[in-house]
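Work through the exercises below with the model open beside you. Try each task before you read its solution.

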Amino acid sequence: MTNYLEVMHLSKNYPNFQLHDISFTLPEGYIMGLIGENGSGKTTVIKLILNMIHRENGKINILGKDNISEESAVKPYIGVVFDSNCFCEEWTILQTMKRISSFYETWNKEKFLSLMNRFQLDTKKKIKALSKGMQMKLMLAWALSYDAKVLILDEPTSGLDPVSRDELLTILAEYIEDGKHSVLFSTHITSDLERAADYITYLHYGELFFTGSKEELLSMFCMVKGGREELQPEQQKKLIGVRTFSTGFEALIKTTDRACFSGMAIEPVTLEDIMIFISRKGE
Amino acid sequence: MKLIISNVSSVPIYEQIKQQVKSAILSGELQEGEILPSLRTLAKELKISVLTVTRAYTELEQEGFVQNLQGRGCFVMSRGSELIHEQLLRKIEEHLSEAIHTAELAELPLDELHRLLNILWEEKNHDELS
């Protein structure tokens with residue numbers, strides 16, 4: 001299996017934020033979710049992949065090629081969808097296509113127009129007149145029209161209604177169906193990823209907390225629930241993040257520790273549980 | 001074949017797929033030699049991860065219900081019900097071995113164990129009748 005995206009020991013220093021030694025790989029034909037709380041470094045990683053900012057350390061390969069020394073060879077393989085529009089607002093969709101599409105060697109005009117039709121986007125409309133969901137679909141259609149191999153989406157679902165989010169997930173599922181395309185998808189709306197993502201990379205304060213298959217991450221932890229008085233001191237030590245309330249408590253534990261909590265309610269976790277309780281750990 | 005994925009079930013999605021494919025094979029809805037939906041098509045249609053379907057199909061193959069032929073698809077194996085019967089037999093053997101082991105610990109002779117089994121068997125049948 002070839003790796004479409006390889007990120008190795010990536011570091012970046014900002015005055016108030018450090019991205020520290022991030023490594024992960026995205027194989028051909030799969031969807032990877034990039035998760036983490038706000039300010040955990042998701043967008044920094046994406047900007048580094050796209051060579052929009054300078055990296056202090058590390059290496060990034062896209063389809064086996066270095067993303068900086070072979071940038072012009074690599075860029076046609078990448079499609080990008082940001083959380084806000086990146087086209088000229090005053091142009092119509094048709095004008096945008098006429099003026100920019102010639103920069104793409106593999107541009108497929110028929111495919112673009114058919115996608116406009118499918119997404120019900122009026123090509124005579126100015127970009128600024130499009131809703132947020134429509135702008136997202138336009139960026140998505142753009143990337144699909146030059147047959148990008150790797151689609152990178154930065155918070156594409158924030159600000160979208162459930163219908164548009166569902167449409168996006170449908171398109172992504174179709175995109176990877178042939179096994180020849182991959183998706184890197186950053187989001188803090190983890191329910192989007194709960195079903196569709198194959199792999200998860202989880203950043204926490206600029207550090208890599210986890211990278212691997214989603215099922216592996218979900219099987220690492222459990223939720224334990226019980227009454228406040230039930231909790232013994234030695235059990236207390238095993239809790240990773242806990243919420244107590246007048247009638248009981250709920251906490252995240254490692255699945256390997258579940259035997260210590262026999263008699264209490266133990267439930268499987270969601271990605272959201274993990275994120276909430278891991279970030280509570282430090283408090 | 002019908003496949004329905006529940007989001008509120010605590011059964012993992014790969015297990016849900018496995019169970020439903022198994023029962024379709026058992027009931028004869030899926031016949032020998034029939035082909036399961038392609039891995040990636042199923043993932044797309046159910047909007048679930050490709051790895052989830054891969055796991056379900058791999059485990060179905062390990063348990064002998066289907067055969068995965070590289071590049072051709074996933075085929076239903078012959079005489080699924082006999083396989084299941086064999087699997088159930090193996091499970092009974094496991095549990096009985098455990099019971100024998102426990103009986104040894106309790107120093108229970110074999111005829112007592114037999115008697116216990118008979119009582120439990122009759123109780124169960126009696127419960128079902130009433």
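**Exercise 1. Contact range and overall build of chain A**

Task: For contacts in chain A with a separation of 6 or more, find what share comes from residues 24 or more positions apart. Then describe the chain as a whole.

Solution. 
Step 1. The model is predicted. In chain A, 70% of the contacts with a separation of 6 or more join residues 24 or more positions apart.
Step 2. Count the elements. Chain A has 10 helices and 14 strands.
Step 3. Take the extent along the principal axes. The C-alpha atoms of chain A fill a box of roughly 70 × 40 × 40 Å.
Step 4. Check burial. Of the 283 residues in chain A, 33% are buried.

**Exercise 2. The partners of strand 1**

Task: Which strands of chain A does strand 1 bridge to, and how do they run?

Solution. 
Step 1. Start with strand 2 (residues 17-27) of chain A. Strand 1 (residues 3-14) of chain A is joined to strand 2 by 8 bridges, and the two run antiparallel.
Step 2. Strand 1 and strand 2 of chain A make a hairpin, with 2 residues between them.
Step 3. Asn3(A) has Pro27(A) as its bridge partner in strand 2 of chain A.
Step 4. Turn to strand 4 (residues 57-62) of chain A. Here 5 bridges link strand 4 to strand 1, again antiparallel. Val7(A) is bridged to Ile60(A) of strand 4 of chain A.

**Exercise 3. Two helix pairs**

Task: Describe how helix 4 packs with helix 5 in chain A, and how helix 2 packs with helix 3 in chain B.

Solution. 
Step 1. Take chain A. The axes of helix 4 (residues 109-118) and helix 5 (residues 132-145) of chain A come within 9 Å and cross at roughly 155°.
Step 2. Classify the angle. Angles over 145 degrees count as roughly antiparallel. Helix 4 and helix 5 of chain A are therefore roughly antiparallel to each other. Their crossing is right-handed.
Step 3. List the residues. Helix 4 of chain A brings Lys111(A), Phe112(A), Leu115(A) and Met116(A), which meet Ala141(A), Leu144(A) and Ser145(A) of helix 5 of chain A. By class there are 5 nonpolar, 1 polar and 1 charged residues.
Step 4. Move to chain B. The axes of helix 2 and helix 3 of chain B come within 9 Å and cross at roughly 125°. Helix 2 and helix 3 of chain B are therefore oblique to each other. Helix 2 of chain B passes helix 3 of chain B in a right-handed crossing.
Step 5. List again. Leu39(B), Arg40(B), Leu42(B) and Ala43(B) of helix 2 of chain B contact Val50(B), Val53(B), Thr54(B) and Tyr57(B) of helix 3 of chain B. The classes are 6 nonpolar, 1 polar and 1 charged.

**Exercise 4. Where the chains meet**

Task: Which helices of chain A supply at least two residues each to the side that touches chain B? What covers the buried residues of helix 2 of chain B?

Solution. 
Step 1. Count residues. On chain A, 15 residues are in contact with 11 residues of chain B.
Step 2. Assign them. Helix 6 (162-176), helix 7 (191-196) and helix 8 (214-220) of chain A each supply at least two. Helix 6 of chain A gives the most, with 4 residues.
Step 3. Sort by class. The side of chain A that touches chain B has 6 nonpolar, 3 polar and 6 charged residues.
Step 4. In helix 2 (residues 39-46) of chain B, the buried residues are Leu39(B), Ala43(B), Lys44(B) and Leu46(B).
Step 5. Find the cover. It includes helix 6 of chain A together with helix 3 (50-62) of chain B.

Notes:
Residues are numbered from 1 along each chain as its sequence is written. Chains are lettered from A and ligands numbered from 1 in the order in which they are written. This is a predicted model: local features need pLDDT of at least 70, side-chain atom pairs count only at pLDDT 80 or more; totals for chains, interfaces and linings use all residues. Two residues are in contact if their C-beta atoms, placed from the backbone, lie within 7 Å. Ala, Val, Leu, Ile, Met, Phe, Trp, Tyr, Cys and Pro count as nonpolar, Asp, Glu, Lys and Arg as charged, and the others, Gly among them, as polar. Axes are lines fitted to C-alpha atoms, for helices over the stretch in contact, and angles run from 0 to 180 degrees between N-to-C directions. Angles under 35 degrees count as roughly parallel, over 145 as roughly antiparallel, 65 to 115 as roughly perpendicular and the rest as oblique. A crossing is left-handed if the near helix is turned anticlockwise from the far one by less than a right angle, and right-handed if clockwise. Two strands pair if DSSP finds at least two bridges between them. A residue is buried if 20 or more other C-beta atoms lie within 10 Å of its own, exposed if 12 or fewer, and partly exposed in between; C-beta atoms are placed from the backbone.
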